[in-house]
Amino acid sequence: MATMRLQPDMEAVLIDRVRRGEHDAFYDLVRPHERGIFMAAFSILNNEADAEEVAQEAILKAFKAIGKFRGEAKFSTWIIQITMNEARMKLRKDRRHLYESLDESRKGEDDGDYIPKDFADWREIPSEALDSARLRSALQKGLASLPPKYRQVIVLRDVENLSIAETAEMMGITEATVKTRLLRARLMMRDALAPGYDGAWRKGREYEKVRPF
Amino acid sequence: MAKKPIVEIDCRAVWRQVSNYIDGDLAEDVRAAMALHFKNCAHCSAILDGTRNVVKLVGDGKAFDIPSGARSRLYGKLDEHLGRTRSKKRVH
């Protein structure tokens, strides 16, 4: 469900009201960013239950810190940054990063060319095809299959439409690195989805999984 | 004034830049070289179409969403902090 984003001046009004003690206004402020907060957490944790827990915590932290929010940054950028910091803290706390770092060294290096695995000729998939639970499931599985640093960059850039500069700042990397990782992420997603692309997505047919995700 | 000749670009170089090409984030000479390559190379053209498709799908608001249970619990910790029993639902 897409929620309309608030205009910047409307956000400023709500922030002001929150600071003056109108707590309801904070819910209205956060509502347009709910998906962004959840997806930012998911991009790091790759687990829905953990992403939910971190999203809850990030919303609470943002509320407590609203007095420190300076209007130079967008509210969305600010709360997503809080979310990503919380997610990273959870990873450290769970010591999961120790296992993930092994995976990182095996796959998804930034150096060297990523060679696309599939040359199937795609035709445009209309937005209506996303009504198919199978296609949405394939997208979700594809996203979950990406190495963490590629999943994060494609979520921030392509799902949440942050700019390259904003994405670089969120991830603490250079813009050049964002672009390199984004390229790999997009090509990997393409390869992950390609098994379904025999026209099945458009025609609403069952597709046979040719390759594992 | 004579038109600048377009330099040929190979497939690997195209794959390296396909993401920037989709975002319109290339110097004009590189963009033109890639456009010419896509006209003549079915494989790279297929990769371009597929990658563009992925960007479009991933960016579609319907592709990813919060699980409905998680959405209803999103303000749980805030509610608890504020001493509320349940988040107020607003109709927009």
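Residues are numbered from 1 along each chain as its sequence is written, and chains are lettered from A and ligands numbered from 1 in the order of writing. Because the model is predicted, local features need pLDDT of at least 70 and side-chain atom pairs count only at pLDDT 80 or more, while totals for chains, interfaces and linings use all residues.

**Confidence**

The model scores ipTM 0.85 and pTM 0.83. The pLDDT is the predictor's confidence in each residue, from 0 to 100. Chain B has a mean pLDDT of 86, with 87% of its residues at 70 or more. For chain A the average is 82, and 78% of the residues score at least 70. The pLDDT of chain A is below 50 over residues 102-108, a stretch with seven contacts in the model beyond near neighbours in sequence. It is also below 50 over residues 205-213 of chain A, where 13 such contacts beyond near neighbours in sequence are found. Two residues count as in contact if their C-beta atoms, placed from the backbone, lie within 7 Å.

**Contact between the chains**

Chain A brings 43 residues to the contact and chain B brings 39 residues. On the side of chain A that touches chain B, at least two residues each come from α2 (24-30), α3 (34-45), α4 (48-64), α7 (133-145), α8 (148-159) and α10 (175-193) of chain A. Helices (H or I, at least four residues) and strands (E, at least two) are DSSP runs, numbered from the N terminus. By class, this side of chain A holds 23 nonpolar, five polar and 15 charged residues. Here Ala, Val, Leu, Ile, Met, Phe, Trp, Tyr, Cys and Pro count as nonpolar, Asp, Glu, Lys and Arg as charged, and the others, Gly among them, as polar.

**Domains of chain A**

Chain A is split into domain 1 (8-97) and domain 2 (117-198), with bounds from an automatic or database domain assignment. The C-alpha centres of these two domains of chain A are 23 Å apart. Ten residues of domain 1 of chain A are in contact with nine residues of domain 2 of chain A. On the domain 1 side, α3 and α5 (75-94) of chain A each supply at least two residues, and α3(A) gives the most, with five residues. That side of domain 1 of chain A has five nonpolar, five polar and no charged residues.

**Helix packing**

Two packed helices are described by the angle between their axes and the distance between the axes. Axes are lines fitted to C-alpha atoms, for helices over the stretch in contact, and angles run from 0 to 180 degrees between N-to-C directions.

| Helix pair | Angle | Axis distance |
|---|---|---|
| α9 (164-171) of chain A and α10(A) | about 100° | 8 Å |
| α10(A) and α1(B) | about 100° | 9 Å |

α10(A) is therefore roughly perpendicular to α1(B). Angles under 35 degrees count as roughly parallel, over 145 as roughly antiparallel, 65 to 115 as roughly perpendicular and the rest as oblique. In this pair, A:Lys179, A:Leu182, A:Leu183 and A:Arg186 of α10(A) meet B:Val18, B:Ser19 and B:Asn20 of α1(B). The residues of this contact are three nonpolar, two polar and two charged.

Within chain B, the axes of α1 (residues 11-22) and α3 (residues 42-59) come within 10 Å and cross at roughly 30°. The two helices α1(B) and α3(B) are therefore roughly parallel. Residues in their contact include B:Trp15, B:Val18 and B:Ile22 of α1(B) and B:Ile47, B:Leu48 and B:Val55 of α3(B). By class, the contact of α1(B) with α3(B) has nine nonpolar, three polar and one charged.
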